[in-house]
Amino acid sequence: MTKPVLSVVDAKLEVDGRVLWEGLNLEVQPNEFIAVLGANGSGKTSLLKAILGQMPLSAGEIRLIGKKVSRGSRKIGYVPQHRQPETTMPLRAKDLLWLGLNGDRFGFWFPKPGAKKQFEHILDAIDGRRLQNRPISELSGGELQRFRVGQAVIDEPDLILADEPLSALDYSQQAAVAELLSRESREHGAAVLFVTHDVNPVLSMVDRVLYLAGGSFRIGTPDEVLTSETLSELYGTAIDVVRNQGRIVVLGAHDDHAHHHDEEWA
Amino acid sequence: MIFDFSNYEQLLPLVTNSLIVGVALAIVGGLVGVFVINRDMSFAVHGISELSFAGASVTLLLGGNVVFGSVIGSLIAALVIGVLGSRARERNSITAVLMPFGLGLGILALSLYQGRASNKFGLLTGQIVAVDDPQLIGILSISAIVVAVLLFIWRPLTFASLDAEVASARGVPVRSLSVIFMVLLGLAVAESIQVVGALLVLSLLVTPAASAVRVSRSPFVIPLLSVGFALVAVVGGILLALGSSLPISPYVTTISFAIYLVCRGVEWVKNR
């Protein structure tokens, strides 16, 4: 077995006296695509924040390539939820890719020999050649998310964290962005933690599912976790998992799909 | 008569120091302004300048160094706004609370001041008094520090301004950068007050960059344009004011505004 990219050991997270999850153990291998599912407020985004060192664990520890996590890392690529950039910043789409490559470097930056090639490669991968000189404020949701995936993978990170990157996209855009993320991460052997309230757009790519609910969790393949028995046990109430034409719908979990917000980031 | 350029050659050497300061300020204002626009902080700039004015007025009253006083006032305001108002909405209300307080404090100090009246007025609306050598050195040193630090943090600051969430995931120290930028902004405001006055600081720290983003989207071209516009406004303003009985600030603000109008016009033609 190769060295895990991420190890979460006996982790517990408590916010305002409420335990979001405890006893969480998770080893993520290179190339693994893990979907993080669960109702609103179950601590999905908080898990990402803990991995980024922005939220201290109440117990346990998280290691990134053997080293305890600190505040962010160059080894991490991050795809945020879609929203229009708050600022009226005068940047072009291609500047997003460059910031993914050198945005964390202080002082003068001399491009590494392969930088330009890497930029061109990612630009082609996200089909962004035609859009590269557009102001980011003029990109559509799907276009912006494609560039954000490019930004996350361009520096060849070991771990990609994605926080609801498909929300607010229509179905065909969801499929395109998810497929892009999966393809680009596997190209460099990166592992992906993909937080989502709807597993369907990524179902074919998912190796394992981490399902958080009611202070507890289940980890396993989609077939193991996404069943009526497992989720009913996890929630402590009757849950119906319906499979229809390759799609999975979880009924009775009070996960309000239509009005999904992640309060933690608001 | 507003203009009289008959003995211009004799006058010019008298303002050499002012011109040097003007060039330094234009470079600082043009560069800092880019991030004032990016980070949506125009109103905060105004708030900082009122506290900077208060600091300058108090030191004028006490007989101290006015530049030093305005730097202290600026830094206090910048740090208060930076620490308490990390979000735009909070920032605006904190700025609005600080602003009248600073202005009131400044007016109090000035009304107690017994010295030359033009000194008083100058702090609010600008002055073309000959900048003496110690002052020149002070302003140039501050400018050099601001520009050097800003260039050093330029890229991470851009990343953090665009998307703090992604930048911090990549290890960019978003909070520290924000505080550092507020300090740089405070220093830039304090310097600008020496030339255009507290009420007109925005014409140096906001208008040039706001004009530049109208006509370009390139992160390389915008700072250059912004500095260029600021240079034209400040140096042009000083040279025009020399041949007239009016203070420097109306010229600087008018040129600055005219550039903005032209840029909007260019943008409109391009998008048609």
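## Salt bridges within chain A

Asp207(A) and Arg186(A) form a salt bridge through their side chains, at 3.8 Å from N to O; a salt bridge here is a side-chain nitrogen of Lys or Arg within 4 Å of a carboxyl oxygen of Asp or Glu. The pair links distant parts of the chain, 21 residues apart: Asp207(A) is in the loop between strand S8 (191-195) and strand S9 (208-213) of chain A, and Arg186(A) is in helix H5 (residues 171-187) of chain A. Helices (H or I, at least four residues) and strands (E, at least two) are DSSP runs, numbered from the N terminus. Asp207(A) is partly exposed, at 29% relative accessible area, and Arg186(A) is partly exposed at 32%. Buried means under 20% relative accessible area, exposed over 50%, and partly exposed in between (1.4 Å probe, protein chains only).

A salt bridge also joins Arg243(A) and Asp223(A), with the closest N and O atoms 3.4 Å apart. Arg243(A) lies in strand S11 (residues 240-244) of chain A and Asp223(A) in helix H6 (residues 222-225) of chain A, so this pair ties together parts that are 20 residues apart in sequence. Arg243(A) is partly exposed, with a relative accessible area of 45%, while Asp223(A) is exposed at 56%. Lys116(A), Glu120(A), Asp124(A) and Arg129(A) are linked in a network of salt bridges. Over all chains the count is 17 salt bridges.

## Basis of the model

This is a predicted model, in which local features need pLDDT of at least 70 and side-chain atom pairs count only at pLDDT 80 or more, while totals for chains, interfaces and linings use all residues. Residues are numbered from 1 along each chain as its sequence is written, chains are lettered from A and ligands numbered from 1 in the order in which they are written, and side-chain values use heavy atoms, with hydrogens and water left out.

## Where chains A and B meet

In this interface, 28 residues of chain B are in contact (heavy atoms within 4.5 Å) with 37 residues of chain A. The two chains bury about 2800 Å² between them, 59% of it on carbon and sulfur atoms; buried area is the accessible area (1.4 Å probe) that two parts lose on being put together, summed over both. Arg155(B), Glu165(B) and Arg170(B) supply 29% of the area that chain B buries against chain A, more than any other three residues.

Two salt bridges are counted between chain B and chain A. One joins the side chains of Arg170(B) and Asp155(A) at 2.7 Å, N to O. Arg148(A) and Asp163(B) also meet in a salt bridge, at 3.7 Å from N to O. That pair crosses between chains, from helix H4 of chain A to the loop between H7 and H8 of chain B, and both residues are buried.

Helix H4 (residues 141-153) of chain A has 13 residues and reaches 19 Å from its first C-alpha to its last, close to the expected 18 Å. The expected span is 1.5 Å times one less than the number of residues. H4(A) is mostly covered, with 13 of its 13 residues buried.

Helix H3 (residues 42-62) of chain B has 21 residues and reaches 31 Å between its first and last C-alpha, close to the 30 Å expected. In H3(B), 16 of the 21 residues are buried, so this helix is largely enclosed by the rest of the structure. Just after H3(B), Gly63(B) takes a positive phi of about 80 degrees.
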